[in-house]
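Hello,

Here is the structure I promised to hand over. Please open it and keep it beside this note while you read.

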Amino acid sequence: MRFAARMDRLTTAASFDMLARGKALEAQGRSIVHLGIGEPDFDTPAFIRRAADAALTAGYTHYGPAAGLPEFRALIAAEWRKRRGLSCDAANVVVTPGAKPILFFSMLATLEPGDEVLIPSPAFPTYASVASFLGARVVPVPLVPSRGFDVDLDALRTRLNGRSRMLVLNSPHNPTGGVIPRATLQALAELARRHDLLVVSDEIYAGMVYDGESPSIATLPGMAERTVVVDGFSKTYAMTGWRLGFGVMPEALARQLAALMNNSNSCTATFVQKAGEAALTGPQDEVARMLEEFRARRALVVAALNAMRGVSCAEPAGTFYAFPRVEGTGLTSAELADRLLEEAGVVTLPGTGFGEEGEGHLRISYANSQANLREGLKRMATHLATVARA
Ligand SMILES: Cc1ncc(COP(=O)(O)O)c(C=O)c1O
């Protein structure tokens, strides 16, 4: 079969590839500890599952409006005004099956071939994959590891030109766990206004911040009209498999995304949206408990990584990822991830799965139980004691 040339420019995430390799080894009877995939190990809180049951019984089994149920869009707008300080109403909100379609559709609706998309890197691989797929040019911007993986503003300035069209931000950040400080966001906003950039701000981990704040760039002056905030329920409410996400964006762009939804998915499952309503209006104590558990795991993971030969790890400010430096092992990140999987039975992700700028690092997801984390980290430490040269 002949495929469109653009299919060669689409990549699939390393996390899913490594998960498949880990599962294949498990099928052969090997014991594997999964520190790869970024998926909360918790079940979706029971009251949210009950709300979906009730919605199915009440007949939420039909098509709904392409942009989402009006009452759900209004609720999200009200909550995000309150929780994140966004200035928005229902007309700015589009509901999609997961957060990824907001990324895909906002690029599809705005990028022309040859447009340049600035992406602080390492980064969630979908950004570069979709931008390249659409014929845009990906321009990586380095992060500064010594400053909590903050964006390198000087490097960004040198990469701006007349073709610069979009800036993609992700804070709290996958894979590093970094959070962009307010002062950097202010400088980024100033650059975005001056160079007329559209900002795609992926804030899906905004509910997972351990220290300080993670403000939205959309709250800064003149930014709501040029920012797409990407958010969703997958991480904060442990709802990855439900496929429920949303974007908050200028109204004209929201209408374009509704047209793309109409032509692709028709709508997001209506009973799932009702469950989302319950998630936002119900008790938030389970979310708070999950966050406290992640905080405890972060301490465990960071301490164990720093005790390993050839490894050092700063404390991530948010998400459930750690991004240790592993250059001291003398191996590339891909070699190390391969060895850890094949020889130690631990799935980790090479930093290069998030762009070349991720070389020298591994991504460790601590969305796994403390018992599994201890076992995985013990296996890593034992293995590294044999290979590390430092
Ligand atoms: C930074 C980032 N954005 C978006 C997503 C996708 O979220 P969803 O599963 O809701 O599509 C992920 C999932 O791993 C992510 O890490």
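Where is the place of Pro175? Pro175 is in the loop between strand E6 (164-170) and helix H7 (182-194). One caution before the rest: this is a predicted model.

The bond into Pro175 deserves a look. Asn174 and Pro175 are joined by a cis peptide bond, with omega about 20°. Asn174 also faces the ligand: one of its polar side-chain atoms lies 2.8 Å from a ligand oxygen atom.

Now the ligand. It is surrounded by 13 residues, and the closest are Asp202, Tyr205, Ser234, Lys235 and Arg243. The shell divides into five nonpolar, four polar and four charged residues. A backbone N or O atom of Ala99 lies 2.9 Å from an oxygen atom of the ligand. Arg243 places a polar side-chain atom 2.8 Å from a ligand oxygen atom. Alone, the ligand exposes 400 Å², and the protein buries 91% of that. The space it takes is the largest pocket.

Next, the backbone. Most peptide bonds are trans, and most residues other than glycine have a negative phi. A cis bond also runs from Ser121 to Pro122, with omega near 10°. Pro122 is in the loop between strand E3 (116-121) and helix H5 (126-133).

Two residues have a positive phi to check. Arg243 has a phi of about 60° and lies in the loop between strands E8 (227-232) and E9 (245-248). Phe149 has a phi near 60° and lies in the loop between strands E4 (137-144) and E5 (150-151). Is Phe149 buried or exposed? Phe149 counts as buried because its relative accessibility is 13%, under the 20% limit. Arg243, at 35%, counts as partly exposed.

Best wishes

Technical notes: Residues are numbered from 1 along each chain as its sequence is written. This is a predicted model: local features need pLDDT of at least 70, side-chain atom pairs count only at pLDDT 80 or more; totals for chains, interfaces and linings use all residues. Side-chain values use heavy atoms; hydrogens and water are left out. A residue is near a molecule or strand if one of its heavy atoms lies within 4 Å of it. A polar contact is a pair of N or O atoms within 3.5 Å; within protein, one must be able to donate a hydrogen and the other to accept it, and residues adjacent in sequence count only if both atoms are side-chain atoms. Accessible areas come from the Shrake-Rupley method with a 1.4 Å probe; for residues, only the protein chains shown count as cover. On a 1 Å grid over the protein atoms alone, a cavity is a set of points where a 1.4 Å probe fits but cannot get out, and a pocket is an open set with protein on both sides within 12 Å along at least five of seven lines; lining residues have an atom within 4 Å of a point. A molecule sits in a cavity or pocket if more than half of its atoms lie within 2 Å of its grid points. Ala, Val, Leu, Ile, Met, Phe, Trp, Tyr, Cys and Pro count as nonpolar, Asp, Glu, Lys and Arg as charged, and the others, Gly among them, as polar. Helices (H or I, at least four residues) and strands (E, at least two) are DSSP runs, numbered from the N terminus. Buried means under 20% relative accessible area, exposed over 50%, partly exposed in between (1.4 Å probe, protein chains only).
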